[in-house]
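Take a look at the sequence and the structure first, and then read on.

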Amino acid sequence: MPIREQEFIDAAVSQGLITDEQLPEIRRVARDRQVTTLEAISISYRVPLKALYHAVAAERKIRFVDLAIEPIDEQAAQDMPDVAIQRGVVPLLDADGKTILATAEVDDLALISSVERSLDVLAEVALAAPDAIADSLQYIRTLRQTSGGAIVEIEQEDAVDLFDRVINEAYLHHASDIHIEPSENTIRVRFRVDGRLISYISTLPAESGRQLVSRIKVFSGLDIAEQRAPQDGRMQYELANGVSQDMRVAVIPTRFGERITIRLLGTTDENLTLETLGMLDADLEDFRQAIQRPHGIVLLTGPTGSGKSTTLYSALKEINSGWRNIITVEDPIEQIVPNISQVQVGASDKVTFDSALRSILRHDPDVVMIGEIRDLPTADIALKAALTGHLVFSSLHTNTAIGAVTRLMDFGCESYLVGATLAGAISQRLVRRLCKSCSEQTDLDDQQKTLIGGFDLDHHYIPVGCPQCLGTGYSGRIGLFECFWTGEETRKLIADGASEQDISRVGGDKHKTMLADGLEKVALGLTSLEEVIGVTIGDTI
């Protein structure tokens, strides 16, 4: 027997997924769109159905399982009665070898008892989301068919519905990318959430996967007959909530079929401001002073995916007051910023970073943002623009903030020019933000104290997992920053070609390492010690 709708609503309120005040709006959406209340919650507040089932499990104090992660007990799946499979019972094995029976109908005690008798076990019953159960049953059906067992008739999901579900679930999970990865007998679908890949469907049958790939290629305007060459495309899709989602699609052939990566554009960071990036108060004040300067160059450094572009866009939004002429040169344009002229580089052979920069300096800019400094011509123009009265923002691929100085020298820039124009550099990384609802404070053990050296930290917070964070213990991301701001003495050292170590020593108290910044955020409960150590290995306090 299904769980009552009211129980889902009560659990969602109790577990913090929605509030009582939001219920009238949810019921209005359900009525207007002719959908269930649960679907209205997902549409209105971007809550995956999985979170609602997790909330019910938490209220009942029973186990919730994510079937995309937990391994299926293949032997038990072969031995189970057909009726149990048809009614949505999936056998799992936990780490201790104990049998778990996952189902969306945990109140059907007669069904559970019959499965236990059939398998001759006393099993733990766990709650799972219906979509995940349906995916697992398709795998069990294929498993039985391959081994010559009895074929169980299960309702098949067609490619249209599967495609719609994958895209909508990626959006509900706040995913930045969808990965569709073929293996020998199955296809795996994963989402990149908060910088980590999580499994959404781990064992999609190969035939269903091929149909899904074909539909994606059709929607993105790619050649479905071409399966031996990489292809790139774009598509736009209307989500269940009526939002039109833009996506970039990349297809590449692999040994077992075509692999697809879909980037969901503009879903994760378009609303970020300087306050929400994660800079602590002192660093935020210094950064604000730097971006309000009339001239000079401010650089963001770090590896790909460390949030440099997001920080640059947030800075542009901060100073976009209307009296400044702001022009950007980007490849590609990642966010559309109102009232700013944005130039796309690479759209044709006639528009390069070099040519675009030379041209826009004749358009009387106050602020110039260069997506990335990649070579000497771009670096030279950027520095000379900063020297002649423009404020320039850009990014570089270096590991440290002070490393930006060395990198510019490596390009061949004159040291006196770097010293005269560089206002400062920020190196950054992204770590997952602890879920506010379920993190728990604990003391450091001896090994952790050794890892952080002499930093004064007597406690930290650990992830637990709850419905709000889908059991991960984390929700969203926060930046770790190493800020380097130049003063009279450091500018002279840079102009004289001093080493990074000498410049760092002169920086004194104003130069704080990324590890130190991260550990301050650990003490505040913003992120976990494990996350900080993971991105600052080799850093020193």
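Predicted model: local features only at pLDDT ≥ 70, side-chain atom pairs only at ≥ 80, totals over all residues.

Let's start in helix α2 (residues 23-33), where Arg28 and Asp32 both sit, four residues apart, or about one turn of the helix. Helices here (H or I, at least four residues) and strands (E, at least two) are DSSP runs, numbered from the N terminus. The side chains of Arg28 and Asp32 meet in a salt bridge, 2.6 Å from N to O. A salt bridge means a side-chain nitrogen of Lys or Arg within 4 Å of a carboxyl oxygen of Asp or Glu. Arg28 is partly exposed, at 34% relative accessible area; buried means under 20%, exposed over 50%, and partly exposed in between (1.4 Å probe, protein chains only).

Residues are numbered from 1 along each chain as its sequence is written, and side-chain values use heavy atoms, with hydrogens and water left out.

In total, the structure holds 30 salt bridges. In helix α15, Lys384 and Asp380 are four residues apart, about one helical turn. They form a salt bridge too, with the closest N and O atoms 3.0 Å apart. Lys384 is partly exposed at 44%, and Asp380 is partly exposed at 26%.

What about a pair that links distant parts of the chain? Asp331 and Arg374 meet through their side chains in a salt bridge (3.6 Å, N to O). Asp331 lies in the loop between β12 (326-330) and β13 (341-344), and Arg374 in the loop between β14 (367-370) and α15 (376-387), 43 residues apart. There's also a network of salt bridges that links Asp283, Lys512, Asp517, Glu520 and Lys521.

Now for helix α12 (residues 281-291) and helix α13 (residues 308-319): they pack at about 65 degrees, their axes 10 Å apart. Axes are lines fitted to C-alpha atoms, for helices over the stretch in contact, and angles run from 0 to 180 degrees between N-to-C directions. That makes α12 roughly perpendicular to α13; angles under 35 degrees count as roughly parallel, over 145 as roughly antiparallel, 65 to 115 as roughly perpendicular and the rest as oblique.
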